[in-house]
Amino acid sequence: MKEQYSYITMIERSSSIIEELYKSPVPLGISEMSKKLELPKATIYRILITLIKSGFVEKDEKNDKYKLGTIYIKYADKVKSQIEIHNICEPYMEELAKIIGETVNLAVSRENSALNLKRVEGEATALVSKLIAIAPYYCSSVGKILLSYKNDEEIEEYFKEIEIKKRTIKTLESYKDFLKERKDILKNKYAIDDEEYDYGLYCVACPIFNSKREVIAAVGFSGPKSRIEYKGKEKLIEKLIQYTKIINEKIKTIGI
């Protein structure tokens with residue numbers, strides 16, 4: 001029986017070339033990489049040509065040697081910012097979750113959706129456990145925050161590109177509906193999902209800014225509406241605002 005592979009050979013080889021270029025203090029030639037990786041020169045060359053076209057590798061025409069492309073600076077900055085946000089927010093999220101007893105989430109924008117980077121569990125509930133890692137902007141509290149702070153053209157383009165799905169009878173129905181709600185979100189600096197994502201689920205989120213006052217993430221809490229109302233949703237929102245202010249001050253001090 002032949003061995004089964006769960007990876008693509010050319011991608012693995014491309015990764016090996018990128019790793020060699022990363023480890024080397026100087027640009028490398030095809031012969032050097034062929035010897036190090038024990039791959040034919042023709043194979044190395046074809047992969048390099050593809051990587052150059054995508055911006056992952058650059059060639060020095062003077063000596064026919066190769067080095068990593070500057071595109072990695074952009075990727076590194078993106079990854080670094082997300083890791084730093086995660087590290088900064090996590091202890092405050094854990095403290096907030098303990099105080100309010102509800103699940104606290106950290107989300108960032110990804111491909112016209114809110115991507116959940118971190119979740120700190122509060123009291124057990126089947127509703128929160130059903131929340132997916134990627135949520136639509138228009139019917140999630142973290143998504144509404146991330147969308148509200150975009151410019152008018154970006155928001156209009158977003159609603160042209162997506163198809164609004166009525167998850168509940170409370171889910172907003174149009175671009176105009178969102179614009180009305182956006183005014184309150186920008187004024188109050190928090191967004192609410194009142195059974196718009198799922199029946200019985202209540203969520204609130206606040207913006208996280210970088211040092212340039214650009215929204216880079218959203219922190220919010222989620223839980224059963226009945227339980228949150230029993231605890232006093234206004235008090236929980238005050239606590240969320242309090243902790244996101246602390247996070248924003250921390251980020252401002254660090255200068256992210």
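Buried means under 20% relative accessible area, exposed over 50%, and partly exposed in between (1.4 Å probe, protein chains only). The views below come from a predicted model, in which local features need pLDDT of at least 70, side-chain atom pairs count only at pLDDT 80 or more, and totals for chains, interfaces and linings use all residues. Residues are numbered from 1 along each chain as its sequence is written, and side-chain values use heavy atoms, with hydrogens and water left out.

View A. With a relative accessible area of 12%, Ala135 is buried. Beyond its neighbours within four places in sequence, Ala135 is in contact with Ser113, Ala114, Ser140 and Tyr197; contact means heavy atoms within 4.5 Å. The C-alpha atoms of Ala135 and Lys183 are separated by 22 Å, and the two residues are 48 apart along the chain.

**View B. The six-stranded open sheet.** Here the strand order is S5-S4-S3-S8-S7-S6, with antiparallel pairing; two strands pair if DSSP finds at least two bridges between them. Strand S5 (134–136) and strand S6 (191–194) are the edge strands, each pairing on one side only. On average, neighbouring strands of this sheet are turned by 30° against each other, direction ignored. Follow S3 (residues 103–109) and S8 (residues 215–224), an antiparallel pair joined over five bridges, and you will find Leu106 opposite Val219 in S8. Helix H6 (residues 141–148) lies across S3, S4, S5, S6, S7 and S8, and runs at about 155° to S8. Axes are lines fitted to C-alpha atoms, for helices over the stretch in contact, and angles run from 0 to 180 degrees between N-to-C directions.

**View C. The hairpin of S1 and S2.** Strand S1 (residues 57–60) pairs with strand S2 (residues 65–68) in the antiparallel sense over four bridges, and Val57 stands opposite Leu68 in S2. Four residues sit between the strands, and Asp64 takes a positive phi near 55°. Asp64 also forms a salt bridge with Lys59, with the closest N and O atoms 3.4 Å apart; the term means a side-chain nitrogen of Lys or Arg within 4 Å of a carboxyl oxygen of Asp or Glu. Asp64 is partly exposed at 45% relative accessibility, and Lys59 is partly exposed at 31%.

**View D. Arg182 and Asp152.** The whole structure has 15 salt bridges, and in one of them the closest N and O atoms of Arg182 and Asp152 are 2.8 Å apart. Arg182 lies in helix H8 (residues 175–188) and Asp152 in helix H7 (residues 152–161), so the pair ties together parts that are 30 residues apart in sequence. Arg182 counts as buried at 14% relative accessibility, whereas Asp152 is partly exposed at 45%.

View E. The side chains of Lys225 and Asp194 meet in a salt bridge of 3.0 Å, N to O. Lys225 is in helix H9 (residues 225–231) and Asp194 in strand S6, so this pair links distant parts of the chain, 31 residues apart. At 16% relative accessibility, Lys225 counts as buried. A network of salt bridges links Lys170, Asp194, Glu195 and Lys225.

Key: Helices (H or I, at least four residues) and strands (E, at least two) are DSSP runs, numbered from the N terminus.
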